[in-house]
Amino acid sequence: MVKCSGCSEDAVINVTSPYCKGHFIKYFEAKVAETIKGYKLISKNDKTIIACSGGKDSTTVLYLLNKWFGNVTALAIDEGIPGYRNVTLEDLRNFCSRNRIPLKVVSYKDAFGFSLHEALRKVKVLPCNICGTLRRHLLNTGARGFTKIATGHNLDDEAQSIMMNFFKGNFEIAARLGPLTGIASDSKFTPRVKPLYFCHEKEVAAYAFLMSFGIRFNECPHSRVSFRAAVRDFLNRLEQQKPGSKQNVVENFLKLLPLLKKKHSGSAVMRHCESCGEPSSNEVCKACSYVASLRSVAAPVAKF
Ligand code: SF4
């Protein structure tokens, strides 16, 4: 049996070194704390809301920010994905109730008048294309009054986002990536921070498992047909052949990021959507455009 690099206990995981449970938890928490401190993601004066799905990543962020800063709120978006979101929301409700963390749930049905499931029964589109836009919209409006939105994005997610934008030539969007996101400042735009930026997905999964958060490790049924899934599988294969590839993608991107930000600063100057008043680079934001076209085919009219 391999021994922990920090003591004589048996190792339970081998990441950069073999660790027992106690030393792995210390290693992981130190890595997240260093990211928060090094990139000045959150300060004691921040009022932070955590975008939660009920999965391992956002629950880990919720747990750690509550432990270190207190006074946090969880924000969940209920898209209406039967067999998936109802399960993760149940886990999140239980977690928040056990840890006395306030939880705010905003649903597509209430906000737009249709659930994602209802919309997809009427129109043939890639689910993540519309869902990602509508989720971001509700996260931004749901976070009003808070100074930061913390998300559960990990190193694997970030490597995928970087490659997706590079494959598509979306350098302006790539300039908005990084541990602290957004290149435009607007009083209606809440900055987003990613405390798990340098944590591999398998490290987060091990931490959530060892901490017994009481969550089920579910995956959205639509994620398999997304472009992200294709890039994820590609990066996973590459990582197997050449370990360290994902970390290299992220670290080398961070060297490029100041140049991208400089080149695109100003090109993302925000106006406000004529329909909903939210920050937008067009007259009508993407969320309102989707909602208008989906409402016409998907469901009864509702408030928005
Ligand atoms: Fe929405 Fe796609 Fe995420 Fe599922 S995987 S919750 S459809 S963005």
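Reader: Starting with E219, why does it count as partly exposed?
Author: E219 counts as partly exposed because its relative accessibility is 42% (the class between buried, under 20% relative accessible area, and exposed, over 50%, with a 1.4 Å probe and protein chains only). This is a predicted model, so local features need pLDDT of at least 70 and side-chain atom pairs 80 or more, while totals for chains, interfaces and linings use all residues. Residues are numbered from 1 along each chain as its sequence is written, and side-chain values use heavy atoms, without hydrogens or water.

Reader: Which residue does E219 form a salt bridge with?
Author: R232, with the closest N and O atoms 2.9 Å apart (a side-chain nitrogen of Lys or Arg within 4 Å of a carboxyl oxygen of Asp or Glu). E219 sits in the loop between α9 (201–210) and α10 (227–241), and R232 is in helix α10, so the bridge ties together parts 13 residues apart in sequence. R232 is partly exposed too, because its relative accessibility is 23%.

Reader: How many salt bridges does the count come to?
Author: The count comes to 17. One of them joins the side chains of E278 and R144 at 2.8 Å, N to O. That pair links distant parts of the chain, 134 residues apart: E278 is in the loop between β9 (271–272) and β10 (279–280), and R144 is in the loop between α6 and β6 (148–150).

Reader: And is E278 buried or exposed?
Author: E278 is buried, since its relative accessible area is 7%.

Reader: What about K109, which residue does its side chain meet in a salt bridge?
Author: K109 meets E118 at 2.9 Å, N to O. K109 is partly exposed at 39% relative accessibility, and E118 is partly exposed at 24%.

Reader: OK, new topic. How many residues does helix α2 have?
Author: Helix α2 covers residues 56–68 and has 13 residues (helices are DSSP runs of H or I, at least four residues, strands are E runs of at least two, numbered from the N terminus).

Reader: Which residues in α2 are buried?
Author: K56, D57, S58, T59, T60, V61, L62, L64 and L65.

Reader: Which residue takes a positive phi just after α2?
Author: G70, with a phi of about 65 degrees.

Reader: Jumping to α6, which residues are buried there?
Author: P127, I130, C131, T133, L134, H137, L138, L139, N140 and G142. Helix α6 runs over residues 127–142, 16 residues in all.

Reader: Last one, where is S161 found?
Author: S161 is in helix α7, which spans residues 155–168 and also holds F167. S161 counts as buried because its relative accessibility is 9%, whereas F167 is partly exposed at 48%.

Reader: What does S161 touch?
Author: Leaving out residues up to four places away in sequence, S161 touches L177 and R228 (contact is heavy atoms within 4.5 Å).

Key: The expected span of a helix is 1.5 Å times one less than its number of residues.
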